[in-house]
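This briefing presents one protein structure, topic by topic. Please view the sequence and the model together while reading the points below.

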Amino acid sequence: MRTWLFLLVVLQGLGAGTFVHWRGAYEAARAEAVEEGKRLLFLLAGTSDDGRKLLAAIGKDSELTRKISDDYVAVIVIADAKANYPIELYYTTKYPAIFLVDAKREIPLGAPCMGNASFACLRRKLLFTSTGEHPGAEGR
C-alpha cells in the first residue's frame, strides 16, 4: 500500500514543475509546519483507489500544488494506520478525507473535504481564500 503512494508521489513530481512533498509521519509534519509558520494539510487516504486518484488530480494541477507547497506542510496517512495520527481529531468513515489544520493549535480550519468531491472542495478552499475556508463551503 505504501509503495504505490510513494511511486505516485514521485511520478507526479516528475510530470509537473511544482510538486507536493507528502510526508508520512503526522507528528514530524506537524512540527515542521509549526517551525515554518505553515498550516498542515492532512490527507487521510482510504484503502481504495480513491486516494490514488486524488493524489493524481492534485499532482496535475500546478496552481494547486504551488499553493500547497507554499503555504502547507502536507502529510498523508492510510486510514488503517491509526497509530500514526490522532484519530480523535480526524475521525471519518468517508475517504479520502482532507483536513486543513492550524498546526500550532492543532485544530481543523473548517469542514474537511471528503469522498469523491474532495479534489473540488480542496481546490475551492485553497484557491479562493487565504484561510483555507471558502464562505459557504460545505466541505463535501
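Helix H3 (residues 50-60) packs against helix H5 (residues 118-128) at an angle of about 35 degrees, and their axes are 10 Å apart. Axes here are lines fitted to C-alpha atoms, for helices over the stretch in contact, and angles run from 0 to 180 degrees between N-to-C directions. The model is predicted: local features need pLDDT of at least 70 and side-chain atom pairs count only at pLDDT 80 or more, while totals for chains, interfaces and linings use all residues. Residues are numbered from 1 along each chain as its sequence is written, and side-chain values use heavy atoms, with hydrogens and water left out.

**The contact of H3 with H5**

- Leu 54, Ala 57 and Ile 58 in H3 meet Ser 118, Phe 119 and Leu 122 in H5, where contact means heavy atoms within 4.5 Å.
- The residues of this contact divide into five nonpolar, one polar and no charged. Ala, Val, Leu, Ile, Met, Phe, Trp, Tyr, Cys and Pro count as nonpolar, Asp, Glu, Lys and Arg as charged, and the others, Gly among them, as polar.

**Overall architecture**

- The protein chain has five helices and six strands; helices (H or I, at least four residues) and strands (E, at least two) are DSSP runs, numbered from the N terminus.
- From the N terminus on, the order of the elements is α-β-α-β-α-α-β-β-β-β-α.
- Of the 140 residues in the protein chain, 48% are buried. Buried means under 20% relative accessible area, exposed over 50%, and partly exposed in between (1.4 Å probe, protein chains only).
- Among the contacts in the protein chain with a separation of 6 or more, 66% come from residues 24 or more positions apart.

**Aromatic pairs**

- The structure holds two aromatic pairs. Rings of Phe, Tyr and Trp (its six-membered ring) pair if their centres lie within 6.5 Å; planes under 30 degrees apart count as stacked, over 60 as edge-to-face and the rest as tilted.
- Tyr 26 and Phe 42 form an edge-to-face pair, with 5.5 Å centre to centre and 85 degrees between the planes. Tyr 26 belongs to helix H2 (residues 26-36) and Phe 42 to strand S2 (residues 39-45), 16 residues apart.
- Phe 42 and Phe 99 form a tilted pair, with 6.2 Å centre to centre and 45 degrees between the planes. Phe 42 lies in strand S2 and Phe 99 in strand S4 (residues 97-102), so this pair ties together parts that are 57 residues apart in sequence.
- Phe 42 counts as buried because its relative accessibility is 0%, and Phe 99 is buried with a relative accessible area of 6%.
- Tyr 26, Phe 42 and Phe 99 form one aromatic cluster.

**Nonpolar cores**

- The largest nonpolar core has 21 residues, and those with the most contacts inside it are Trp 22, Leu 41, Ile 68 and Leu 122. Such a core is a set of buried Ala, Val, Leu, Ile, Met, Phe, Trp, Tyr and Cys residues joined through side-chain atoms within 4.5 Å.
- Strand S3 (72-78) gives the most to this core, with four residues.
- A second, separate core of 15 residues includes Ala 29, Ala 33, Phe 42 and Leu 44.

**Leu 89**

- Leu 89 is found in the loop between S3 and S4 and counts as partly exposed at 32% relative accessibility.
- Leaving aside neighbours within four places in sequence, Leu 89 is in contact with Phe 99, Glu 106 and Pro 108.
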